[in-house]
Amino acid sequence: MTAPQPEYKFAEIIADPLIRERWEKVRQYFFLRESTYDMTNRCNIRCEGCYYFSGEKQFARENRSQADWRTLLEGEKQRGITFVVLAGAEPSLVPELCAVCHQVIPLGAIATNGIRPIPREIDYRIHISVWGNDRSSERIRKAPDMLVRQLVNYREDPRALFVYTFTPDNIGEAREVSRILADNGQQLTFNMFSAPVGYSGPLRHSRESLLRTREMMSELLEEYPQNVLFSPYNIVAHTAEQSLHQLFSCSYPRQNPSAAIGLGKSFRQYRTDLQWDRQAACCVPDTDCSDCRHYAAGSAVVTARMYRHATDPVTFSAWLDYMDTYLAVWVTGYPKGATLCPTYINPPAGKERP
Amino acid sequence: MPQTIDQTIIRIAEIIINELKLEDVTPETFDPDLDLIDEVGIDSMDLATIALVLRDEFGIRIDEDDYPTLTSVRIISHYINDKLNSDE
């Protein structure tokens, strides 16, 4: 069956001045090409359901040679990588290696638990993970006073972005945490707990918890529009019953056999021994793809599907909102614009499959 | 009026030059066999943008799964002509 022809030409869609302005704003960042790097195999806390301590990568031998890291990053730059994501297990434990990365590739982000501050000269976006209020954090992450310490470490730091991960157990706490972050002038965005392969614990979302999360995200986006970096279309994409892969067909190498273009060609996920494996390469390795609603995955998977969203002004506006949010979340200094599409729309289907 | 392959090639080259703001090349001098990804440096978002402009221009739909195969202006022109002919 042939897919229906779009009713609007692309030129007609971007003829709208607001849409055109946003389109011209976001397309300046089409040059971003990311890869991710596990910086160390150590962490100073041990969270339930941690992605790093699932699968084989946790057993990789740690390479702490600054010279080796510099060589790796220079090679990455040579092959076109323009944006790095420094993650597992806890990058703040190896600031000297993060600094080397920043010296070679100046655009990037670091995922941290925020317990140890990352030196200011490493001018990457700093994503600080929050898993509920401090009572929940102590239970799930076995670490006391996390939010208190995170706020002290990143007070008035423009790099900082708090990433609130929704689990079925902490949905109501998001209200309290968001208020504290807003009162402290901090920005936050939302993540969804996405089960690692084989995980069957209580943090896996259900239909009911997805719905409650959607309602809470909507409430907080409305209440703290200056602090919450999210959009209605982000809410739809990340709280749908279908996973991101099921909705948008994940373009990371792990699910994408084509190495010709895009993430399938350029993305690598390096372990802490500086090796990578195409079969495991995605932004959150060892996540169960049928449960993946992770914010980092969506940042690439949804944005890559521009073509299918260019069917009409409303759908394309929703995609632009997602793109604008993605850039504000990942790129230091990128200013998020006002929401263009305030209503929930269904993600458009891709090519029909037999 | 149906276009010849050569006319299609020139028009596609013109679109790519305009969208990517390429300098020092004209539609007539653009090598239709250049590898757009490895030699011109186009990435997936650029290609998606070009695909949308081609959709407007030729009234065809380009499947997302076909992007990896569209590696040169000549290949794109044949792809478009095949699409146009199959819709006749």
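Analyst: Two residues are in contact if their C-beta atoms, placed from the backbone, lie within 7 Å. Helices (H or I, at least four residues) and strands (E, at least two) are DSSP runs, numbered from the N terminus. This is a predicted model, in which local features need pLDDT of at least 70, side-chain atom pairs count only at pLDDT 80 or more, and totals for chains, interfaces and linings use all residues. Residues are numbered from 1 along each chain as its sequence is written, while chains are lettered from A and ligands numbered from 1 in the order in which they are written.

User: At what angle do the axes of helix α9 and helix α14 of chain A cross?

Analyst: Two packed helices are described by the angle between their axes and the distance between the axes. Axes are lines fitted to C-alpha atoms, for helices over the stretch in contact, with angles from 0 to 180 degrees between N-to-C directions. In chain A, the axes of α9 (residues 232-239) and α14 (residues 313-330) come within 8 Å and cross at roughly 90 degrees. Therefore α9(A) and α14(A) are roughly perpendicular to each other; the cut-offs are under 35 degrees for roughly parallel, over 145 for roughly antiparallel, 65 to 115 for roughly perpendicular, and oblique for the rest.

User: Which residues in α9(A) and α14(A) meet?

Analyst: From α9(A), Y233(A), N234(A) and A237(A) meet A318(A), D321(A), Y322(A) and T325(A) in α14(A). By class, this contact has four nonpolar, two polar and one charged residues. Ala, Val, Leu, Ile, Met, Phe, Trp, Tyr, Cys and Pro count as nonpolar, Asp, Glu, Lys and Arg as charged, and the others, Gly among them, as polar.

User: How many residues of α9(A) are buried?

Analyst: A residue is buried if 20 or more other C-beta atoms lie within 10 Å of its own, exposed if 12 or fewer, and partly exposed in between, with C-beta atoms placed from the backbone. In α9(A), seven of eight residues are buried. These pack against β6 (188-192), α8 (207-223), α10 (244-248), α12 (295-301) and α14 of chain A.

User: Which residues of α3(A) are buried, and which exposed residues does the face turned away carry?

Analyst: An α-helix has 3.6 residues a turn, so residues three or four places apart point the same way. The buried residues of α3(A) are W69(A), L73(A) and E76(A). They cover an arc of only 55 degrees around the axis, which puts them on the same side of α3(A); the arc is that of the directions from the helix axis to the C-beta atoms. A67(A), E74(A), G75(A) and Q78(A) are the exposed residues on the face turned away from the buried side. Cover for the buried residues includes β1 (34-38) and α4 (95-104) of chain A.

User: Where is K142(A), and where is D145(A)?

Analyst: Most residues other than glycine have a negative phi, and most peptide bonds are trans. K142(A) is in the loop between α5 (134-140) and α6 (146-153) of chain A, and D145(A) lies in the loop between α5 and α6 as well. K142(A), not a glycine, has a positive phi of about 55 degrees; phi of D145(A) is positive too, near 55 degrees. K142(A) is exposed, with 11 other C-beta atoms within 10 Å, while D145(A) counts as partly exposed, with 13 C-beta neighbours inside 10 Å.

User: Which residues does a cis peptide bond join?

Analyst: G88(A) and A89(A), with omega about -25 degrees. A89(A) is found in the loop between β2 (83-87) and α4 of chain A.
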